[in-house]
Amino acid sequence: MAEHEIDEHSGVATTGHEWDGIKELNNPLPRWWVWTFYACVAFSVVWWVLMPTWPGISGYTKGVLGYTQRATVAKEMAALNESRSASMQQLDNVNTIADVENNPELLQYTMAAGASLFGDNCATCHGSGGQGGPGYPNLNDDDWIWGGTFADIKQTITYGIRSGHPEARFNTMQAYGRDGVLSEDQIGDLVEYVLALSGEQADPAAVERAAVTFEQVCAACHGADGKGNHLLGSPNLTDAIWLYGGERATIYATLKNGRAGVMPTWAGRLTSDQITALAVYVHSLGGGE
Amino acid sequence: MSEATVKSRTEAQMSGGDVEKHDVAPVNSAAKRQLYKARVQIYPKLVHGFYRHLKWIVLAITLGVYYLLPWIRWPRGVGEPSQAVLVDFPGRRFYFFFIEIWPDELYYVTGLLIIAALGLFLATSLFGRVWCGYTCPQTVWTDLYIAVERLVEGDRNKRLKLAKDPWTASKISKKVTKHALWLIIAAATGGAWVFYFHDAPTIFPQIFLGEAPLSAYLFIGILTLTTYTFAGSMREQICTYMCPWPRIQAALVDAETLQVTYKTDRGEPRGPHKKGESWDGRGDCIDCNACVAACPMGIDIRDGAQLECINCALCIDACDDIMKKVGRPSRLIGYDTDKNIARRAAGEKPKVQLFRSRTVLYAVVLALVTGLMTWSLLTRATMEVNVIRDRTPPFVVLSDGSIRNGYTIKIVNKATEARDLILEVSGAPDLTVSAIGEAFEGAKATITAAPDGVRSLRIFVTTAPNRSLHATFPLTVTLRDPVTGETADSPTTFLTERR
C-alpha cells in the first residue's frame with residue numbers, strides 16, 4: 001500500500017479515504033474508549049463465572065452465585081407476604097362486618113386487599129366490578145340467593161356452590177320439562193305465573209291455571225309466595241332481579257332444562273384471612289345485609 | 001498549552017511611567033476563537049474596588065441563603081413539617097413559609113418561573129447581564145473557588161509560577177489543600193441541596209451515619225461532582241459553551257442598556273504613557289492590560305460587548321485603580337450604553353434612558369403576572385370535591401326495582417385543621433344516599449375531613465322505586481363548610497337502564 005499523505009493541519013496521517021475532498025484522518029481510538037472496551041471484556045469474563053451464561057444442549061452453566069430469576073421472584077413474594085402478614089393477621093379476629101366497619105384503618109386495608117383479590121380470583125365470572133352476567137350473580141345488588149350477611153358470603157366463598165366440597169352449598173333446580181315431570185302446557189303456564197309474581201305483564205288465564213302446579217311443585221323451595229329461601233338457596237321470584245334473565249324464553253329454558261350454576265370452593269386456595277377480606281369487599285359493594 | 005508557558009517569561013514589564021503592563025492575552029477573545037481548541041487556563045488577578053466589594057456581599061448573601069434557608073423553622077402544627085422551605089415529595093407538598101402548594105397547584109410554580117423570567121428580562125434590558133455577573137450560581141461558586149485558589153496558591157503571578165514549577169512537596173501540598181477545600185465546598189453544596197427535600201435536622205446526622213435514603217446520597221454525589229468540576233475546572237466554559245442564556249439575552253439588550261463598557265470615545269487612541277507626558281491627542285487607555293488580567297472569562301473588554309463577557313464588572317475596578325494611579329478620571333470602563341458613546345462622540349450630553357418601550361413592556365407584564373399570581377394565591381380554594389362515577393357496573397337494579405349508582409367522592413381539605421363539612425347530593429327528588437360509616441339524612445350528611453389531606457368516600461345514591469322516573473339525569477355533589485360558608489361542587493350523572 002502506498003504511503004498515506006500527512007494532513008497538514010493536524011499532522012496526522014490520512015487513511016486514504018476521500019469523499020468530495022474531505023479526507024479521513026487515521027487517528028487512534030480514544031484512550032477512554034479502549035479502556036472501557038477492555039474493562040467490558042474483563043467484566044464479561046467475571047460475569048461468565050458468576051452468573052448463568054452459556055446455553056448447552058440440555059441446560060446452561062449455572063454460575064457460582066447460583067442466581068435464578070425464579071428464586072428472586074419467590075424471595076420477593078415471600079418478603080411481600082411477610083410485610084403484609086401483620087395487617088392480614090388483624091383479619092383473624094373479624095367475626096362480624098361491624099368489626100371492620102368500625103375501624104377505618106382496617107376497613108381501608110381490607111377493602112384494598114379485597115379489591116385486589118377480587119380482581120385476581122372473582123372477576124373472571126362476576127366481572128371486574130362484581131356486576132355479574134347471565135348465570136353469574138350481580139354482587140352489587142341487594143338480592144341474595146344464599147344470603148347476604150357477612151357470614152353467609154364468607155361461607156359461600158369458602159365452600160362454593162355445587163363445587164364438590166363436602167360443605168358446599170347445594171340444591172337442585174330440576175329439568176322439569178326434559179325429565180318429563182311437567183308437560184309443555186304446564187311449563188308455559190308457569191312462565192306466565194312467574195312473570196306475574198314479579199309484576200310483569202302476563203296472561204291472566206295461564207296464571208290461574210298454573211297456580212296449583214306452582215303450589216305443588218315450586219312452592220316447596222321458592223315458597224308459596226315465591227319469595228325464595230336463603231337457607232335452601234332458592235331465588236326470590238317476586239323481585240326485579242333475574243339471574244338468568246327475565247324474558248319468557250329464558251324462564252321457559254330454566255323450567256325445561258333446570259339450572260345448576262357452579263361456584264368453586266376457595267378453601268385451600270385462599271387463606272382464611274384472604275376470604276375474610278373478600279367477604280368484606282363483596283359485602284361493601286352495596287347489597288350486604 | 002497554558003497561557004503560562006507561552007506568555008509569562010516576564011510577567012510584568014514596565015510600560016514606561018509607573019504602571020506595569022501585564023503580560024496577559026485575552027485567550028478567549030473573538031479574534032482567537034477557533035473550533036477544536038484546547039482550553040487555556042485563566043489566572044484572574046485580584047482587584048479591589050466598589051464592584052469587588054459588591055460581589056463579595058452578593059456572594060455572601062446568595063450562598064448564605066442557599067446554605068441556611070433549609071434550617072429556618074416554621075411551626076405548622078401537629079403532623080405537619082416545621083421546616084420553612086421544604087419540597088416534600090413523599091407527602092406531595094411544597095412548603096414555603098406560610099404557603100403550602102399541592103401537586104394540583106403546580107401552576108403557582110409555573111407562575112413563579114414566569115415571574116422570574118420576566119424579572120430577568122427586565123433586569124437584563126436595563127442593566128445587561130447582571131444575573132450572569134453577580135447572582136448566577138456558576139459565577140458565585142466560581143468566584144468562591146477562585147478565592148480559595150488565591151488563598152492557597154496566591155494571586156495571579158504566584159499561580160502562574162506555581163503552574164510552571166516542578167512537582168515539589170510544597171506544590172503538591174498546595175494542590176492537595178486546594179482540591180480538598182474545593183471538595184469540602186462541593187460536598188457542602190450537594191449536602192445543602194438535599195436539606196430542601198428532607199427535614200434538615202433529621203437528615204443531617206443520617207447522612208453521616210449512612211442512614212439517609214439512597215436518593216440523598218445520589219444527589220449529594222451529583223451536585224458535589226458538578227460543583228467541583230463546574231467551578232473548579234470548567235468555569236468560563238460553562239458560560240461560553242453550555243449556557244443558552246448568553247445567546248438569549250443578546251435579544252434583550254439594546255443600545256440604551258447599561259452594560260460594562262469600555263468607553264472608546266475616551267480611551268482611544270490607546271498606548272503606553274510615560275509619567276509627565278501630555279495627555280493631549282491621545283486616549284486615557286494606557287494599554288496596561290489590567291482589565292484583561294482581572295477578567296475571569298479571558299477576554300478583553302476593550303473589544304466591545306461580546307458573548308463571553310458576563311458583565312462581572314471586575315475590569316471596572318481594575319481600570320479605576322490604574323486611572324487613579326495615572327491621575328485620570330475613573331470609569332474609563334464602567335456601566336454605560338452604546339448610545340452614550342455615540343452621543344459623546346457627537347458632542348452631546350450622555351444620559352441614562354431607563355424608561356423605554358421595551359423596559360416598560362417588561363415591567364407592565366411583570367406587574368400583571370405578579371398581581372395575577374398573588375391574587376389567585378390569596379383567593380385560592382381551601383377545599384374541593386371531586387366525583388368519580390362507578391363504571392362497572394354503571395348502575396345496579398335493586399330487588400324493589402329502584403336504581404342505585406355508586407360514586408367515589410374525593411374530599412380535599414387544604415386547611416391545616418380538621419373540618420366538619422356538609423355533603424349533599426342533589427338532582428332528583430327522594431334520593432337516598434348511603435356510605436359505610438357515615439350517617440346520611442336523605443341525601444345529606446356531615447363528613448369530617450382530616451387536615452391537609454384528601455378523603456375518599458364511596459357513596460351509593462338510590463332513586464325511589466318508581467319505574468316511570470327512570471331516566472338518566474344530572475347529579476350535583478356539593479360540599480359546604482358551615483363555619484366559613486365556603487362551598488365546592490362537582491357535577492356528575494346518574495345513569496339508569498334504558499327501557
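**Labels and their grounds**

Q: Why is B:Asp336 called buried?
A: B:Asp336 has a relative accessible area of 5%. Buried means under 20%, so B:Asp336 is buried. This is a predicted model, so the value is computed from predicted coordinates.

Q: What makes B:Arg344 and B:Asp336 a salt bridge?
A: Their closest N and O atoms are 2.6 Å apart. The cut-off is 4 Å, so the pair qualifies.

Q: Why is B:Arg344 called partly exposed?
A: B:Arg344 has a relative accessible area of 24%.

Q: What are B:Glu268 and B:Arg270 called by accessibility?
A: B:Glu268 is partly exposed, with a relative accessible area of 30%. B:Arg270 is at 32% relative accessibility and counts as partly exposed.

Q: What makes B:Lys21 and B:Asp287 a salt bridge?
A: Their side chains meet at 3.5 Å, N to O. The limit is 4 Å, so they form a salt bridge.

Q: Why does the pair of B:Lys21 and B:Asp287 tie together parts that are apart in sequence?
A: B:Lys21 lies in strand E2 (residues 20–22) of chain B. B:Asp287 lies in the loop between helix H12 (264–267) and H13 of chain B. The parts are 266 residues apart in sequence, so the pair ties them together.

Q: Why does B:Lys21 count as partly exposed?
A: B:Lys21 is at 26% relative accessibility. Buried would need under 20%, and exposed over 50%. B:Lys21 is therefore partly exposed.

Q: How many salt bridges does the structure hold over all chains, and which residues are linked in a network?
A: The structure holds 37 salt bridges over all chains. A network links B:Glu149, B:Arg150, B:Glu153, B:Asp155, B:Arg159, B:Lys175, B:Lys178 and B:Arg235. The count between chain A and chain B is zero.

Q: What is in contact between chain A and chain B?
A: 18 residues of chain A are in contact with 12 residues of chain B. The area buried between them is about 1200 Å², with 56% from carbon and sulfur atoms. A:Asn140, A:Asp142 and A:Ala240 supply 31% of the area that chain A buries against chain B. Six residue pairs are in polar contact between chain A and chain B.

Q: Why does B:Thr492 count as buried?
A: B:Thr492 is at 12% relative accessibility. The cut-off is under 20%, so B:Thr492 is buried. B:Thr492 sits in strand E16 (residues 487–494) of chain B. Leaving aside neighbours within four places in sequence, its contacts are B:Val387, B:Arg389, B:Tyr407, B:Pro474 and B:Leu475.

Q: Which residues touch the most other members of the largest nonpolar core?
A: They are B:Val260, B:Ile286, B:Ile301, B:Ile322 and B:Ile333, in a core of 49 residues. H14(B) gives the most to this core, with eight residues.

Terms used. Residues are numbered from 1 along each chain as its sequence is written. Chains are lettered from A and ligands numbered from 1 in the order in which they are written. This is a predicted model: local features need pLDDT of at least 70, side-chain atom pairs count only at pLDDT 80 or more; totals for chains, interfaces and linings use all residues. Side-chain values use heavy atoms; hydrogens and water are left out. Contact means heavy atoms within 4.5 Å. Buried area is the accessible area (1.4 Å probe) that two parts lose on being put together, summed over both. A polar contact is a pair of N or O atoms within 3.5 Å; within protein, one must be able to donate a hydrogen and the other to accept it, and residues adjacent in sequence count only if both atoms are side-chain atoms. A nonpolar core is a set of buried Ala, Val, Leu, Ile, Met, Phe, Trp, Tyr and Cys residues joined through side-chain atoms within 4.5 Å. Buried means under 20% relative accessible area, exposed over 50%, partly exposed in between (1.4 Å probe, protein chains only). Helices (H or I, at least four residues) and strands (E, at least two) are DSSP runs, numbered from the N terminus.
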